[in-house]
Structure formats: structure tokens, C-alpha cells
Amino acid sequence: MLASLGLILLCQLIGEAVVRGLGLPLPGPVLGLLLLLVLLLARDRFALLACGPLRNAGVETASKGLLAHLSLLFVPAGVGVVQKLDLLASHGIAIVLVLALSVIVTLLATVLTFRLVSRLLRQQDAR
Amino acid sequence: MKDNPFSLWVYLSQSPLLWLTVTLLVYATTDAVSLATRRHPLANPVLHAMWIIGAFLLMTGTSYTTYFAGAQFVHFLLGPATVALAVPLYENRKRVVTSIVPMLVALLAGSVTAVVSVVLLAELAGLPRDVVLSLAPKSVTAGVAMGIAESMHADPSLTAVAVILTGIMGAIIVTPLMDRTGITDYRARGFAAGLAAHGIGTARAFQVDEIAGVFSGIAMSLNALVTSFLVPLAVTLLVR
């Protein structure tokens, strides 16, 4: 468990270091995600890597533990709303409406595009 | 100490322990309520934990900085949790590879819609320029969105609030909205949830369906990438 958590942090650390070092415009943890994914895929190919947290679903269990309470992690940033009460008093209704409309439009645009493209592909396969 | 309970409060209210405990216990309660209502969208645990803790801070006159000194231990885990998304992605890699094309097209359509719609609507509503800039990256996960806001000299703390509000509204609305459109493909539904409502949408998607959760996680990570490029571009084109 401890080693698995260490491996997750190490992936993030390397991600952050590379992003900062090379000035890449992507978030460090996203690069860390790619790194862990590559490690997991490499483990299936090379038996040598299957040790420590990469053995017996160690890192898998730790990751699922973290993801089980993903919502909790947003609470501290969300409470930050108390700092913005004056802004919300003056523009709150407009801001909430703008965000609500935008999220609905975005959900629909994404899901419909996904459906449309996968349907087109299936038709092409059938032909 | 015994004859002055106030000094005990003064001590505790300044220590990280109290606020970390409050964060965990309030969330544990709102999450239990959410479970008891069989994950009803309106019983969103983040939404209710947020206002309960916020009200508690206002009532006790505690500053957000003091609160955050304790809550930062939870906030910190956002990064490792993003890395951890590699595991569901790895376990479902075959399904992901077979839907790579619809995913990438939907990613592009969705992230452009997310940024353009919020900028245009905010301008239409006559919001001040710095507010418009701060709202622009609202569909990506908190840490990334705040970084984008910083690079545009907008207000990162307002961006954080916009991100959380977007996430909560997306998580509440996604299930009823998708049910109404009649789309039963959980890959598409999850992907939309993660793209529009980042981690809070992903947490919601995992509650509904494992595959939806996986696709939501992918959408969230990919959108973080695309939006980092898109927001500065959209802002120069669209903001007066």
C-alpha cells in the first residue's frame, strides 16, 4: 500500500518536473497519468517490471482507493466560495446562469458528436 | 484551560486538525445522505458539504486561509487522484482503443463548445472582462483551470469557484439530461460528463456505471490538455 502510493506520487513528481523543465503547456498530473499507464502496459510485456507495487494489483488497489472518494477532494476548493460572496451578490445570478447553460450545451455537443461519429463508423464497417 | 473554553476554541480553530476533521466528517455525512437517497443527483455530496462548511466558517468568523491550512491535505490529493485514473484506463484499454475515433472528435467538439459558449454567454450577460476571463477555463479540473487563469492575469480563486459550480451543476444535470435524450451508450454519456464537468462529473459517472466512469476520466484528462491551448486562443478572438 505504502509503496503503491509512493509510485503514484513518483509518477506525479516526474510529470511535474518534466512539465516545468520543458515548459510544456500541460498539467503535471496528466503526464503522470500517462507515465503510470505506460508502466502498467510495460509490466505485462516484461516480467522483470512485475515487482513491488506493480505486483499483485498493488498500485491498482491504491488507485481505486483514491478514486473511490474523488468528490471529497473538490470540497476544499469549493468552500473557497466564501471568499467570493460580494462578487456573487452583484453578479451571482448571471454567473450561475451562464455556467449552467454552458454546461448543458457542452454535455449535449459532446454526447451527440460521440454518438454520431460512432454510428457513422459502424455504418462504414457494415458496408 | 478548563475555566476558559474560549481559549481552547481559539487554539483549535487555528490548528489544521480541526478543519481537516470538519471537512472529512461533513463530507462523510453528506455522502451517507447521498447513498441513502440512492445517489439522487440533487443530493450531490460536494454541493452540500460546501455550503455546510462555508456557513460554519462564516458563523465562526474563520477565514478561508485558516480553513485551507487544514483542508489542503485533502486538496493535495487531487494530483495523485489524476495519476490514479491510469488504472481504470489500463483495465478498460481494449474498449477505449476501439472507440478512439469518436472520442477524439467528441473531445474537439466538446472542448471548443465549452470555452466558446461560456465566453459568448458571459459577454452577452454583460459580465466584467476579468470575470469573463476567469470563467473561460471552467470545464477543466481545478488545478489546471487555475493555472490557465493565472497565465491570463485573471482571478484564479474565482476560476476555482466557477470550476466547482460547473462540476456540481454538470453532475446534477447529466443523468436526467441524458435520460431525456434517450442515449444509453455509457461510453458517450461518461465522456460528456468528464469533458463538461471534470472530476465532479467523473465521480458522478463512476456512481452510475463503471464504463461511464472510465470514459469520463479520459475525457477529463484530455480536455485539460486541449483547453490549455484553447482558452488563450478563444479569449484573443472573442473577448473585446
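How many Å separate the centres of domain 1 of chain B and domain 2 of chain B, taken over C-alpha atoms? In this predicted model, the separation of those two centres is 26 Å. The division itself places residues 5-76 of chain B in domain 1 and residues 83-238 in domain 2. Where the two parts meet, six residues of domain 1 of chain B are in contact with seven residues of domain 2 of chain B. On the domain 1 side, the touching residues comprise four nonpolar, one polar and one charged.

Chain B also carries a record from UniProt. An unreviewed entry there annotates "transmembrane region" over several stretches of the chain, including residues 6-30, 42-61 and 214-239. Two of these spans can be described from the model. For residues 42-61 of chain B, the end C-alpha atoms lie 29 Å apart, and the span is 80% helix and 0% strand. For residues 214-239 of chain B, the corresponding distance is 35 Å, with 96% helix and 0% strand.

B:Val214 sits in helix H13 of chain B, which runs over residues 210-238. Is this residue buried or exposed? B:Val214 is buried, because 28 other C-beta atoms lie within 10 Å and the cut-off for a buried residue is 20 or more. Beyond its neighbours within four places in sequence, B:Val214 is in contact with B:Pro88, B:Leu89, B:Asn92 and B:Gly190. With B:Gly190, the C-alpha to C-alpha distance is 7.4 Å, at a sequence separation of 24 residues.

Chain A has five helices and zero strands, and along the sequence the pattern is α-α-α-α-α. Along the principal axes, the C-alpha atoms of chain A fill a box of roughly 60 × 55 × 35 Å.

Domain 1 of chain A covers residues 1-68 and domain 2 covers residues 77-127, and the C-alpha centres of the two lie 30 Å apart. Of the 127 residues in chain A, 39% are buried. Among contacts in chain A with a separation of 6 or more, 45% join residues 24 or more positions apart.

Note on methods:
Residues numbered from 1 in each chain as written. Chains lettered and ligands numbered in written order. Predicted model: local features only at pLDDT ≥ 70, side-chain atom pairs only at ≥ 80, totals over all residues. Helix = DSSP H or I, 4+ residues; strand = E, 2+ residues; numbered from the N terminus. Buried ≥ 20, exposed ≤ 12 C-beta atoms within 10 Å, placed from the backbone. Domains from an automatic or database assignment. UniProt positions renumbered as here; feature names shortened; annotations may be inferred. Nonpolar A, V, L, I, M, F, W, Y, C, P; charged D, E, K, R; others polar.
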